[in-house]
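Hi,

Here is the structure I promised to pass on to you. Have a look at it first, and then read my notes below.

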Number of protein chains: 2
Amino acid sequence: MPRYRLTVEYDGSAFHGWQTQAGLPSVQDALERALHAVTGETGTVIGSGRTDTGVHALGQVAHLDTQRDWVPDRLASALNAHLRPQPVVVLQAARAASDFHARFDATRRYYRYRILNRRAPAALEALRTWHRPLPLTVDRMHAAAQILVGRHDFTSFRATECQAKSPIKTLDLIHVHRDGDIVAIDLAARSFLHHQVRNIVGTLVLIGQNLRSVDHMAAVLAARERAAAGQTAPPQGLFLVKVSYAPLGASIVPPVNDGRTILKPSRSV
Amino acid sequence: MPRYRLTVEYDGSAFHGWQTQAGLPSVQDALERALHAVTGETGTVIGSGRTDTGVHALGQVAHLDTQRDWVPDRLASALNAHLRPQPVVVLQAARAASDFHARFDATRRYYRYRILNRRAPAALEALRTWHRPLPLTVDRMHAAAQILVGRHDFTSFRATECQAKSPIKTLDLIHVHRDGDIVAIDLAARSFLHHQVRNIVGTLVLIGQNLRSVDHMAAVLAARERAAAGQTAPPQGLFLVKVSYAPLGASIVPPVNDGRTILKPSRSV
């Protein structure tokens, strides 16, 4: 069966996370229902990973199989028509190799955490940021964050319910920067432990507020116990930005030009 | 009575516009209820102007009077505590001259209109943008927009229900630019006609899609009839960004230091 790779954006506020749970709205379930409405098939949509309730995605990646060949743009449009008015959209669909796996083949996940750093609470950004009213010193946060780059035992930042076999992960990149009232924390790694990003952010905020020293981060990491780190930052500030796969050529094959394929992108939604 | 000037942010999706209407939630009513809860007084909160249902504000300005002197930061915090969980917040409060008037003294209003210009509909930005799936050529839109700068009869861009005495307005600035999938249109003028911004945007989109020439804008302006312009762009893409007052010294006076005034900003919310 042809396999397709989807790039998906969603507003996590409307869902109980990515993964299907009986009786609760999930992104995966919304996509599987749309797939059924479009194709009549009961298929599974496999994501690159779960996101928690309230966590957003700008570029989640998933794969699915269908019985028949689709012009990828038409598959995206058809799914989007059935997803409405739920706040989840397929940004892009692409034909994928038959063994492409959205979860196992992912080589890097990119997250962004957004903090609204001003005295007044959020009005427009309430479901898109964590409001921290005390001034944050971004340089201190960035310096402390660099202590985490590389391969480490991240037990201190791991949720107690985390199911990963090992607490050892490699953090490729973490960058803290400010744009007006927004403090953004960008992270990239092959994979993350459950709540790892949110627990790192909770710890960075203590350092940014001068409640802990920059060096405190090294002590937290070395402690290897959850209690050493800060609070779990709330989900609504977290965005799964992008998932990458390498080499690109192995995971995406061009659509078969069977005569029905229109090379000019279809603009119907 | 002491007069205060407020800078207010709100999510227009939650309100039937700025202005109080019996039985419908409005931003003005939310602020007046908060004022009553804080002071026990029944006062009127006067805004720089109305915004329509669904239109947002990053920096609406309003004024109000209270019986007693407030440290401005404490007044803002107290109002915000009572505004919760409604998506309206006081970003700043300042003591104002007793004759300061948020509407009549405004010298410039700044608006931004945001278009999501990509094939896929909005998931995260559905209530913050107008989705236009066809590609927009921003250079054409910007060039056409410059035709509108200056003093003109804007009848073609005026809602039929507009109550302004004259259709003649001076547009100080209009700038069209792109940031990824977002096309933003920034405008500034002393004042605008009802739906003027949204009708300009509806016309610019036709030009950006190549459905009309750049010069078409001059013909629309000269026609002086509403039917000549494009559709009214929907409210959710529109943001009142800022209102300015000049000279600043005339409209804001420093708080009276009566011994109770704490110069270090209070951080409680």
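Over which residues of chain A does pLDDT stay under 50? That happens over residues 249–269, where pLDDT is the predictor's confidence in each residue, from 0 to 100. The model has 41 contacts beyond four places in sequence for this stretch, a contact being heavy atoms within 4.5 Å. Where pLDDT is low, the predicted coordinates should not be read in detail. Chain A as a whole averages a pLDDT of 92, and 91% of its residues score at least 70.

Some ground rules: this is a predicted model, in which local features need pLDDT of at least 70 and side-chain atom pairs count only at pLDDT 80 or more, while totals for chains, interfaces and linings use all residues. Residues are numbered from 1 along each chain as its sequence is written, chains are lettered from A and ligands numbered from 1 in the order in which they are written, and side-chain values use heavy atoms, without hydrogens and water.

Now find B:Y10, which sits in strand β1 of chain B (strands are DSSP runs of E, at least two residues, numbered from the N terminus). B:Y10 is buried, with a relative accessible area of 1%; buried means under 20%, with a 1.4 Å probe and protein chains only. Beyond its neighbours within four places in sequence, its contacts include A:A123 and A:L124, as well as B:W18 and B:Q60. With B:Q60 there is a side-chain to side-chain polar contact at 3.4 Å.

Happy exploring!

How values were computed. Helix = DSSP H or I, 4+ residues; strand = E, 2+ residues; numbered from the N terminus. Buried < 20%, exposed > 50% of the residue type's maximum accessible area, 1.4 Å probe, protein only. Polar contact = N/O pair within 3.5 Å; in protein donor to acceptor, adjacent residues only side chain to side chain.
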